[in-house]
Amino acid sequence: MKKTLVYITIIAICSALILYKFSTLGQKNKKNGFERNLISVKIKIKSVINLQKKVSFIGNLDSTIVLNVYSDKIRVFKTDLSLKKLDTVLLKFPSSFNTTINIYKDIDPFNVYCSNPLGDITVFNGLDVGSYKVRDAIIDRFVAVSTKTIIARARHNYDKESNRAFVKLKLSDKMITNKRYSLPKQENGFFANDGQLSYDHKNGRLLYMYFYRGEFLCLDTNLNLLYKGKSIDTVTSVKIKTAIINLKATKTGGSIKQITQASPPSVVSRYMTVSSGRLYILSALKSDKEKPATFATNHAVDVYDLKNGRYLHSFYIPKYKGIKLNQFQIKGKSLIGIYDTELVCYDFIEKRI
Amino acid sequence: MKKLLFAAVLATVAIAGASSANALTLYRQGSSTPIVCEQGEATCIDVIGQGTKVYSFPNATSTDTPVDPSLYQNLEYQL
């Protein structure tokens with residue numbers, strides 16, 4: 001009996017090792033059907049600050065770094081490229097603004113803009129706060145394109161499916177969505193069309209990068225599509241499988257269903273940023289000639305011409321202490337990266353073509 | 001020998017079963033770390049069904065009871 005137990009244990013361990021090896025081998029050596037034109041860049045650590053909490057960028061100002069701490073919804077944090085001190089800005093909200101749910105933020109040199117999924121919008125200039133209510137759309141992420149205009153990502157439903165669209169909102173007492181751009185209809189479009197919304201203030205261009213397929217959109221501020229860009233990977237379609245994972249009983253006896261992705265999401269593009277007429281996309285995919293070991297210790301960034309979406313070249317940003325890069329911005333000759341709770345500022349020079 | 005064969009089959013089935021039992025768990029791409037739907041930029045969990053507002057452009061057409069804000073969840077995760 002003892003012998004049998006020993007055999008079972010040994011075989012179980014061996015089977016687990018073999019299964020693990022096969023599962024990771026496929027991912028590391030997976031051929032994605034594209035090549036990168038990798039260039040060498042100067043990238044050298046200049047300063048580092050550990051923020052102790054997970055953060056993300058807000059907006060993209062010229063020399064100021066503005067941060068959102070996920071666990072602190074009512075403040076924003078500011079620093080400069082030296083990362084020597086971190087200023088806290090306590091935001092003001094009217095009592096009608098629900099701050100217990102998601103708060104989305106954007107910033108320009110004059111104001112901090114906040115919204116929540118219930119359509120409340122505030123504009124805080126450091127002293128006073130303006131309050132607005134969107135009545136005909138549920139919005140989440142948004143960008144301020146002027147002090148009185150925002151473009152937001154909204155949800156809409158068709159044939160019992162949720163999808164996403166962009167809406168242009170004039171901040172006024174009677175806020176209505178006077179312009180819109182709907183994202184392609186498809187099954188589970190709410191997840192399939194998920195992506196990152198960004199605004200290039202210098203060129204007045206709205207950009208939207210899909211997370212799960214290698215495409216990005218460039219629109220003007222009236223939501224006219226200027227071009228649809230294709231990233232250098234070969235992923236053009238997305239297959240999303242959803243599942244209802246929970247049922248919550250309401251006080252009135254009804255139920256609230258929650259939906260999520262049932263299978264692991266295949267992320268194609270993780271983040272994008274804009275600088276000096278170029279679009280930088282943090283790719284999640286390895287090109288065929290890249291070595292798995294190099295790709296495992298670096299992050300590939302693909303660079304595109306903002307005018308027409310044409311691919312220019314790619315470069316690597318290294319992991320910091322083995323930590324994965326979440327987001328980055330390029331300000332002049334500096335590249336700032338968020339690695340979990342660490343904010344790293346690099347001296348950065350990219351070869352111009 | 002029969003015992004050994006039985007042990008091998010049992011172990012393989014048990015491990016395969018265990019590895020497929022997590023099909024509904026979200027995992028980061030190429031990683032065994034589960035996705036935590038708490039903070040990040042991508043939608044992780046969304047609220048649907050009764051109580052959720054239904055809108056169609058250009059104007060709101062639904063008279064659904066708005067979802068109780070305390071139940072509203074649009075959880076997100078870091079890519």
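1. A:L83 sits in the loop between β4 (75-79) and β5 (87-90) of chain A. Strands here are DSSP runs (E, at least two residues), as are helices (H or I, at least four), numbered from the N terminus. Phi of A:L83 is near 55°, a positive value in a residue other than glycine. For context, most residues other than glycine have a negative phi. A:L83 is partly exposed, because 17 other C-beta atoms lie within 10 Å. The cut-offs: buried means 20 or more other C-beta atoms within 10 Å of a residue's own, exposed means 12 or fewer, partly exposed is in between, and C-beta atoms are placed from the backbone.

2. A word on the model. It is predicted: local features need pLDDT of at least 70, side-chain atom pairs count only at pLDDT 80 or more, and totals for chains, interfaces and linings use all residues. Residues are numbered from 1 along each chain as its sequence is written, while chains are lettered from A and ligands numbered from 1 in the order in which they are written.

3. Chain A overall. The chain holds three helices and 26 strands. Of its 353 residues, 37% count as buried. Take the contacts between residues at least 6 apart in sequence: 44% of them join residues at least 24 apart. Contact means that the C-beta atoms of two residues, placed from the backbone, lie within 7 Å.

4. The sheet to look at is open and has four strands, in the order β20-β21-β22-β23 (chain A), with antiparallel pairing. Its edge strands are β20 and β23 (311-318) of chain A, each pairing on one side only. On average, neighbouring strands of this sheet are turned by 25° against each other, direction ignored. Axes are lines fitted to C-alpha atoms, for helices over the stretch in contact, and angles run from 0 to 180 degrees between N-to-C directions. Two strands count as paired if DSSP finds at least two bridges between them.

5. β20 with β21. Strand β20 covers residues 269-275 of chain A, and six of its seven residues are buried, so the strand is largely enclosed by the rest of the structure. Six bridges join β20(A) to strand β21 (residues 278-283) of chain A, and the two run antiparallel. A:M272 stands opposite A:I281 in β21(A). A:Y271 has A:L282 as its bridge partner in β21(A).

6. The hairpin turn. Two residues lie between β20(A) and β21(A) in this hairpin. A:S276 belongs to that loop. Its phi is near 45°, again a positive value in a residue other than glycine. A:S276 is exposed, because it has 11 other C-beta atoms within 10 Å.

7. β21 with β22. Five of the six residues of β21(A) are buried, so β21(A) is largely enclosed by the rest of the structure. Five bridges join β21(A) to strand β22 (residues 298-305) of chain A, and they run antiparallel. In β22(A), A:V301 is the bridge partner of A:L282, and A:V303 is that of A:Y280.

8. A:A300 is worth a check. This residue lies in strand β22 of chain A. A:A300 is buried, because 21 other C-beta atoms lie within 10 Å. Neighbours within four places in sequence aside, A:A300 is in contact with A:R36, A:S283, A:F295, A:S314 and A:Y316. From A:A300 to A:S115 is 185 residues in sequence and 32 Å in space, C-alpha to C-alpha.
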